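Okay, thanks for making time, everyone.

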Amino acid sequence: MTDISRRKLISTGLAAAAGITSLGVAAGLAKKYGLLPPDCGGIWGVGETLNYASYRLLTNHSMAREFARSEISDKPLANEMPPLSGAFKKLQAGDFADWRITVDGLVDRPGAFSLQQLKSYPSRSQITQLACEEGWSYVAEWTGVPLSHVLKVAGIQPHAKYVVYFSIDPDWWDSIDMGDALHPQTFLAYGMNGGALPVGHGGPVRMRVPRQLGYKNVKFITHLAITDDLKKFGKGLGSASPEGGYAWYAGI
Amino acid sequence: MSAEKLIRMGEMQATPQEPVSGATRLSLSTAQPSRHSVLVRATHWITALSFLALLISGVEILISHPRFYWGENGNVLTPALFKLPIPSSRSLVPTGYGFVLPDQNGWSRYLHFQSAWFLALTGLIYVGAGLTSGHFRKNLLPHGEDVSWRALWRTIVTHSRFEQPTAAEVWSYNLLQRLSYLFVIFVLFPLIIWTGLAMSPAFTSSFPATVTLLGGRQSARTIHFFVAVSLLLFLLLHVGMVWFVGFRSRLRTMITGRIDGPQEDA
């Protein structure tokens, strides 16, 4: 072995060791500051962590783009859905008067909210874009109650870290961190374009998270669980999306 | 090729050696300097692998909605700017095909962003090093008498005649190479990263101008597609040219940095 190639070997080895060490330090810091998404393990962990950590560092307090009333799409697309259950149809027949959203976990006052209760809180409207990860999009006006208001009414505890939300469809649930949960544009939406939220769009009530893609906007919300540990839910990956192969964080 | 030109070629390369003719240099098999620096070779191959992964995953994402629009909005209920005549992985999309492909968007999106991170960070290292080391100035910016329409025409003619490069040209980039590499590095790659980020609802919440400047989310997606097609055309042309001048020897040079004896490239 010549001198040059030995020197090269040593310097390459040192560079590799430095690289691995700094990766380890970065991972430790990311964990300490809550920058690791629940699906950070596995082969896609690096990209997913960089996506989520960048959002946390760059965009935590930013507002999703809002549009003028004239920009509302006249053809908002309600995506395909699995057929609705008998339980849903029964509630629909009663005009959703018996629809309840139960709230439990890290709250002082667990309980259930009816649609009437949600509508009695100060309502907010936003004209924002819903973009599907497939590539299509539309702009609509959503009306609802900010999730932060419901969490305040329920008495959210200071060590809460995530809000897990469940659809009436048992296979459909997701979660967001407190940055998104307390964000002023995150709604429990019950109205769309001036009317009641149509069933095709998740009526009577859907989660609206405009800084993330369509699939985080779960339809037919029946249950909110406030937690500091996503490992307790499903396979511990944060939502049904990673269990189906999709990223938990959908801001991109 | 004139002796004067050979000497000029010698001056262009990044190595600190005295300029010597290509023929002399090729005979110095043990003492010869690297044709490409370690940094150029490493970033080239990381970029190549990342780009391939982005291409495959990009196509997979595309087939879930092979329709394009302009402006902010577009979906199957609105008219398309144009559609690709391919089947889709969603039954919602009317394609004219009687079947629906399996959904591959989950791993495709994971892979797309992971490779995008690798490509962007590698690109930052490459551009940062290229600016400080003088790689762009010495090896990619056209020099002296090359900066003329006549010189451009001359290289176009030699390319269109499929003339093999001279021994000296093996040690440098010709004008067309320089211009196309600069275009890919400083126009196409920045544009594809920009249009990609312009589709992120989180990124555009912080930097809304990145999408409004392009005319909206669907415009960004359409431009992203065309830039990707341009990069694919560049890749095909690039690999085609490497094939033409000697695939195995050029591949070896891009991996080891060494140029083999002249018989390889003849």
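Let me start with a question: where is the place of Ser125(A)? It sits in strand E3 of chain A, residues 124-131. Helices here are DSSP runs of H or I with at least four residues, strands are runs of E with at least two, and both are numbered from the N terminus.

Quick housekeeping. This is a predicted model, where local features need pLDDT of at least 70, side-chain atom pairs count only at pLDDT 80 or more, and totals for chains, interfaces and linings use all residues. Residues are numbered from 1 along each chain as its sequence is written, while chains are lettered from A and ligands numbered from 1 in the order in which they are written.

Back to Ser125(A). Leaving out neighbours within four places in sequence, Ser125(A) is in contact with Glu141(A), Trp142(A) and Thr143(A). By contact I mean that the C-beta atoms, placed from the backbone, lie within 7 Å. Ser125(A) and Ala189(A) are 64 residues apart in sequence, yet their C-alpha atoms are 8.9 Å apart.

Now compare Ala30(A), which is in helix H1 of chain A, residues 3-32. Ala30(A) has 18 other C-beta atoms within 10 Å, so that one is partly exposed. Skipping residues up to four places away, Ala30(A) touches Leu35(A), Leu36(A), Thr49(A) and Ala53(A). Ala30(A) and Gly13(A) are 17 residues apart along the chain, with 26 Å between their C-alpha atoms.

Zooming out to chain A as a whole. There are seven helices and ten strands in chain A, and the C-alpha trace spans about 85 × 40 × 35 Å along its principal axes. Of the 252 residues in chain A, 45% are buried. Take the contacts in chain A between residues at least 6 apart in sequence, and 65% of them join residues at least 24 apart.

The peptide bond from Gly203(A) to Pro204(A) is cis, with omega near 15°, and Pro204(A) is in the loop between strands E8 (195-196) and E9 (206-208) of chain A. Asp95(A) isn't a glycine, but its phi is positive, near 60°. Asp95(A) lies in the loop between helix H3 (86-93) and strand E1 (100-105) of chain A, and counts as exposed because it has 11 C-beta neighbours inside 10 Å.

On to where the chains meet. How many residues does each chain give to the contact? Chain B gives 31 and chain A gives 37. On the chain B side, the elements that give two or more residues are helices H4 (105-133), H8 (201-206) and H10 (217-256) of chain B. H4(B) has the largest share of that side, eight residues. Sorted by class, the chain B side has eleven nonpolar, 15 polar and five charged residues. Here nonpolar is Ala, Val, Leu, Ile, Met, Phe, Trp, Tyr, Cys and Pro, charged is Asp, Glu, Lys and Arg, and the others, Gly among them, are polar.

The axes of helix H2 of chain A, residues 45-58, and H4(B) come within 8 Å and cross at roughly 75°. Axes are lines fitted to C-alpha atoms, for helices over the stretch in contact, with angles from 0 to 180 degrees between N-to-C directions. H2(A) and H4(B) are therefore roughly perpendicular; that label covers 65 to 115 degrees, while under 35 is roughly parallel, over 145 roughly antiparallel and the rest oblique. H2(A) brings Val46(A), Gly47(A), Glu48(A), Leu50(A) and Asn51(A), and H4(B) brings Tyr110(B), Phe113(B), Gln114(B) and Trp117(B). That contact of H2(A) with H4(B) comes out as five nonpolar, three polar and one charged.

Note on methods: Two residues are in contact if their C-beta atoms, placed from the backbone, lie within 7 Å. A residue is buried if 20 or more other C-beta atoms lie within 10 Å of its own, exposed if 12 or fewer, and partly exposed in between; C-beta atoms are placed from the backbone.
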